[in-house]
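Dear colleague,

Please find below the structure for your review. My notes on it follow directly after.

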Amino acid sequence: MRKIMFVWALALSLLAAPVAAEPLARVHTSYYYIDGPSAAVLAAQLDQIGPVGSDGKHYAGRTRWDIQWKFKHQQQGITCSLKDVVVAVGISRTLPKWRGEDKGAPSLKAHWSRFIDALQRHEEGHKEHGLMAGRQIEAAVLAVKPASNCEDLEAAANAAAQAIVAKFQALDEEYDRKTDHGRRQGAMLL
């Protein structure tokens with residue numbers, strides 16, 4: 001009997017607690033085109049027309065993420081609590097495409113293939129940072145304790161989310177420093 005009461009109480013408490021879902025995610029990849037007969041020509045074009053990073057320099061690829069969160073709150077007596085938390089992560093990737101790949105020398109095509117695979121793996125790391133940030137924001141907002149007024153509750157939820165965004169932006173920057181924007185992971189033509 002005691003076991004049944006415990007299981008029943010546990011089930012009820014789980015139903016009453018806010019449940020975190022996977023944040024909504026939208027991933028978009030766009031391409032810019034380069035053309036050339038050698039790795040040197042292709043690398044020069046990557047440096048000239050590749051996407052511009054936050055430092056103003058051109059890179060072979062770039063992944064940016066943006067996180068939006070919304071929630072409702074409800075005042076019940078002297079307590080305001082959150083409900084209906086929604087987090088959405090938008091991820092935008094820009095990658096190169098080699099127009100003359102089908103006409104390229106076999107050794108250059110193989111080199112390009114290794115480069116593009118490494119670049120995509122590097123950019124995938126940035127994408128994962130955005131998704132992890134979204135998950136952590138949702139968990140942090142859901143964990144905000146009820147407050148005596150809704151303004152304080154909203155401020156606490158937004159502050160928690162902004163701190164996570166800042167943490168993952170710094171993580172992205174450190175990731176690029178450690179990997180030299182993917183070059184140490186093999187994302188280089190020369």
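His129 lies in helix 3 (residues 106-143); helices here are DSSP runs of H or I with at least four residues, strands are runs of E with at least two, and both are numbered from the N terminus. The model is a predicted one, in which local features need pLDDT of at least 70 and side-chain atom pairs count only at pLDDT 80 or more, while totals for chains, interfaces and linings use all residues. Residues are numbered from 1 along each chain as its sequence is written, and side-chain values use heavy atoms, with hydrogens and water left out.

His129 counts as buried because its relative accessibility is 9%, buried being under 20% relative accessible area, exposed over 50% and partly exposed in between (1.4 Å probe, protein chains only). Beyond its neighbours within four places in sequence, His129 is in contact (heavy atoms within 4.5 Å) with Trp65, Phe168, Leu171, Asp172 and Tyr175.

Helix 3 and helix 4 (residues 150-179) pack at about 160 degrees, their axes 9 Å apart; axes are lines fitted to C-alpha atoms over the stretch in contact, and angles run from 0 to 180 degrees between N-to-C directions. The residues making this contact include His129 and Met132 of helix 3 and Phe168 and Leu171 of helix 4.

Leaving aside its neighbours within four places in sequence, Phe71 is in contact with Leu82, Lys83, Asp84, Val85, Val141, Glu154, Ala157 and Asn158.

Yours sincerely
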